Amino acid sequence: MWLFLLKRSALAVLIVILAVTALYLMIHAIPGDPASIILGPRATDEMKAALYIKMGLDQPVYMQLLSFFGNILSGDLGYDVFSQRDVSDIVFEQLPWTLALIFCAIVWAALVGIPLGCYSAIYANTWFDTITGIISVGTIAIPSFVVAIYSLLIFSVTLHWLPAIGAGERGDVLSQLEHLILPAFAVGLGWVGYISRLVRSSMLEVLGSNHIRTAKAFGLPSRWITFRYALRLAILPTVTLLGVGIGYLLSASLFAEIVFARPGIGKLIFDAVSTRNYPVVMGAVLVTTALFVIATTLADFINALLDPRMRAKR
Amino acid sequence: MSELTQTSEQSIAAVAQVAKDNTVTHVLVDTFRRLIKKPLGLMGLILVSTIVLSALFASVIAPYDPIALDILNRLKPPSSEHWLGTDQLGRDTFSRVLYGGQIALQVALSSIALALGFGLLLGLLAGFGPRWLDNLILTLFDMVRSFPTIIFALAVVTLTGPSVSTIILVVVITSIPIYGRVVRTQTQALAQQEFILAERAMNASMPRILFRHMLPNVIGQLLILASMDIPIVITIEAGLSFLGLGIQPPTPSWGSIINDGYSFIRNTPWPIIAGGLPLIITTLGFTFLGESLRDIFDPKLRKDV
């Protein structure tokens with residue numbers, strides 16, 4: 001077991017290093033000179049040369065890469081010449097917005113999806129089950145950015161019920177929550193379907209097991225059995241799914257952040273890519289990749305704890 | 001003697017061919033029958049055929065040239081002349097939606113075919129090859145999957161610039177692991193089966209075992225997986241085009257139609273509605289179709305979701 005944990009963690013670190021190296025090399029293959037883009041067309045050669053040295057671009061690529069990883073270990077993600085700030089400050093300023101969005105999206109999706117899945121399992125193969133099945137599959141299929149932009153169109157632009165853009169007044173929690181509703185709805189909608197399908201199938205499995213039959217034989221009310229005994233087991237695969245799903249959530253939140261002009265890590269990366277702001281792209285992608293790998297590795301651990309067969313497999 | 005063997009071999013081959021043809025048509029007809037019996041399958045079939053036919057015959061159905069400008073009639077609501085209205089340059093949205101379907105299907109089919117091919121090859125190698133190769137390929141797969149797709153796409157687009165081939169490249173690279181993993185698992189399971197062990201005992205060559213015996217056993221699952229991948233790929237294309245990083249103007253794409261509409265959301269809702277609806281219809285259609293196909297062919301493949 002410990003060997004598995006160790007191997008899996010080492011693999012996670014290796015993956016992050018390889019992925020970031022690949023990205024670093026890719027960015028360096030881009031034609032175009034970052035110094036002239038940053039300084040504009042009127043920059044003199046001396047100014048460019050000075051900036052080059054400041055950004056470390058005069059070093060060979062492997063040296064840049066080495067110092068980049070060295071700096072990461074000391075918590076330094078680099079320096080953004082545009083805004084004259086540390087990249088880590090910028091990234092960790094934006095990250096909470098994205099995490100809050102993802103968290104709200106998952107919470108509302110779970111609050112709707114779990115009961116929906118339970119009732120579909122209890123009423124399996126009835127019309128209720130068929131309809132929730134179709135709706136679930138439907139919500140999974142529809143692209144989240146279409147949901148985002150349609151809800152913007154309907155609830156903000158046409159009905160004026162909810163604010164259209166931004167993340168709310170600074171320090172005003174109520175206004176921030178108000179601005180969170182539509183993006184969280186858009187990001188979470190597909191997960192209602194995912195969660196309810198997953199809970200339904202694992203619930204069906206659990207409901208057929210021995211201890212549930214015993215509980216039934218004792219004459220416990222079926223609602224009590226479902227929500228107190230069965231759900232406790234049936235919920236576990238969903239927890240694992242969330243770990244793997246964080247990549248999809250990050251992608252979906254990128255679209256939500258752009259459609260609703262919200263701050264966040266997705267919008268940060270998008271803007272940095274558009275302006276070719278390499279240090280910010282690198283720092284933000286590193287943090288998101290690390291987040292994603294940590295989440296999937298945790299999901300693997302949970303899986304291994306629950307299912308001994310997984311420990312042998314990779 | 002040798003002549004006799006040859007003729008008998010030929011006749012056996014001929015009989016086998018006839019039997020094969022019969023089974024193929026039989027399977028197709030049978031699948032179709034079972035598909036239209038399921039409400040979900042029928043719905044998927046109708047939605048998918050609508051989209052595929054309208055994309056195929058876009059040049060016949062479209063009332064206007066999708067890139068013809070008509071500035072005087074810009075941002076018009078739907079009318080008898082322009083069924084879905086016009087965009088900010090006065091282009092007919094209905095015609096653009098039809099041609100956008102062509103782009104979406106082209107990107108989906110070509111990139112899935114490529115991803116399937118590479119995934120199959122790498123998966124077979126990982127599953128049947130030596131241990132170190134398996135580990136290497138799996139680590140590569142994990143590395144690719146460790147970027148969220150859209151972030152990976154953003155990185156690649158900065159490198160190569162936005163274009164159709166960039167989208168295809170991104171989709172191929174990010175989907176290879178999905179196919180590869182399924183093939184690998186299948187191959188590993190198959191490698192222990194008697195008919196493969198027998199082949200190895202008879203000293204059959206590696207390519208023969210892989211392509212003659214393994215391939216037919218994994219291809220079915222792969223095709224179902226591919227049909228379920230179509231809506232995902234179409235979403236990625238539309239998403240990137242919506243961000244302005246995919247199909248470039250003036251070529252119409254559903255994503256760029258929505259993007260144009262987004263800039264004028266306070267003037268007219270129609271381009272957004274018109275660009276989003278075909279996306280919803282397509283993703284729903286292919287998902288319903290894929291789910292039903294999976295139920296028909298392989299109930300065991302049914303994953304938890």
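Predicted model: local features only at pLDDT ≥ 70, side-chain atom pairs only at ≥ 80, totals over all residues.
What is the handedness of the crossing of H5(B) and H7(B)? The crossing is left-handed, a label given when the near helix is turned anticlockwise from the far one by less than a right angle, with right-handed used if clockwise.

Residues are numbered from 1 along each chain as its sequence is written, and chains are lettered from A and ligands numbered from 1 in the order in which they are written.

**Stop 1: chain B as a whole**

Select chain B and colour by secondary structure. Chain B has eleven helices and zero strands, where helices (H or I, at least four residues) and strands (E, at least two) are DSSP runs numbered from the N terminus. Its pattern along the sequence is α-α-α-α-α-α-α-α-α-α-α. Of the 305 residues in chain B, 43% are buried; a residue is buried if 20 or more other C-beta atoms lie within 10 Å of its own, exposed if 12 or fewer, and partly exposed in between, with C-beta atoms placed from the backbone. Among contacts in chain B with a separation of 6 or more, 69% join residues 24 or more positions apart. Two residues are in contact if their C-beta atoms, placed from the backbone, lie within 7 Å.

**Stop 2: H5 and H7 of chain B**

Select residues 131-145 and 164-191 of chain B, which are H5(B) and H7(B). Their axes come within 9 Å and cross at roughly 135°; axes are lines fitted to C-alpha atoms, for helices over the stretch in contact, and angles run from 0 to 180 degrees between N-to-C directions. The two helices are therefore oblique to each other. Angles under 35 degrees count as roughly parallel, over 145 as roughly antiparallel, 65 to 115 as roughly perpendicular and the rest as oblique. Show side chains for Phe141(B), Val144(B) and Arg145(B) in H5(B), which meet Ile173(B), Thr174(B), Pro177(B), Gly180(B) and Arg181(B) in H7(B). This contact comprises four nonpolar, two polar and two charged residues. Here Ala, Val, Leu, Ile, Met, Phe, Trp, Tyr, Cys and Pro count as nonpolar, Asp, Glu, Lys and Arg as charged, and the others, Gly among them, as polar.

**Stop 3: H10 and H11 of chain B**

Next select residues 254-263 and 270-297 of chain B, H10(B) and H11(B), which pack at an angle of about 155° with their axes 7 Å apart. That angle makes H10(B) roughly antiparallel to H11(B). Their crossing is left-handed. On the H10(B) side, the contact includes Trp254(B), Ile257(B) and Tyr262(B), and on the H11(B) side it includes Pro271(B), Ile272(B) and Leu279(B). The residues of this contact are nine nonpolar, three polar and one charged.

Keep H10(B) selected. Eight of its ten residues are buried, among them Ser256(B), Asn259(B) and Asp260(B). Their cover includes helix H7 (144-158) of chain A, together with helix H4 (93-128), H9 and H11 of chain B.

**Stop 4: where the chains meet**

Display both chains. The contact takes 36 residues from chain B and 43 residues from chain A. On the chain B side, the elements giving two or more residues are H5, helix H6 (149-160), helix H9 (206-242), H10 and H11. H11(B) supplies the largest share, nine residues. The chain B side divides into 24 nonpolar, eight polar and four charged residues.

**Stop 5: the domains of chain A**

Colour residues 19-86 of chain A as domain 1 and 89-313 as domain 2; these bounds come from an automatic or database domain assignment. Their centres, taken over C-alpha atoms, are separated by 36 Å. Domain 1 gives 16 residues to the contact and domain 2 gives 14 residues. Elements giving two or more residues on the domain 1 side are helix H1 (2-29), helix H2 (34-39), strand S1 (79-80) and strand S2 (85-86) of chain A. The largest share, five residues, comes from H1(A). That side has ten nonpolar, three polar and three charged residues.

**Stop 6: two loop residues**

Ala261(A), with a phi of about 50° although it is not a glycine, is in the loop between helix H11 (236-259) and helix H12 (265-274) of chain A. Ala261(A) counts as exposed, with 11 C-beta neighbours inside 10 Å. Asn203(B), likewise not a glycine, has a positive phi of about 65° and is found in the loop between helix H8 (194-201) and H9 of chain B. Asn203(B) is exposed, with 6 other C-beta atoms within 10 Å.
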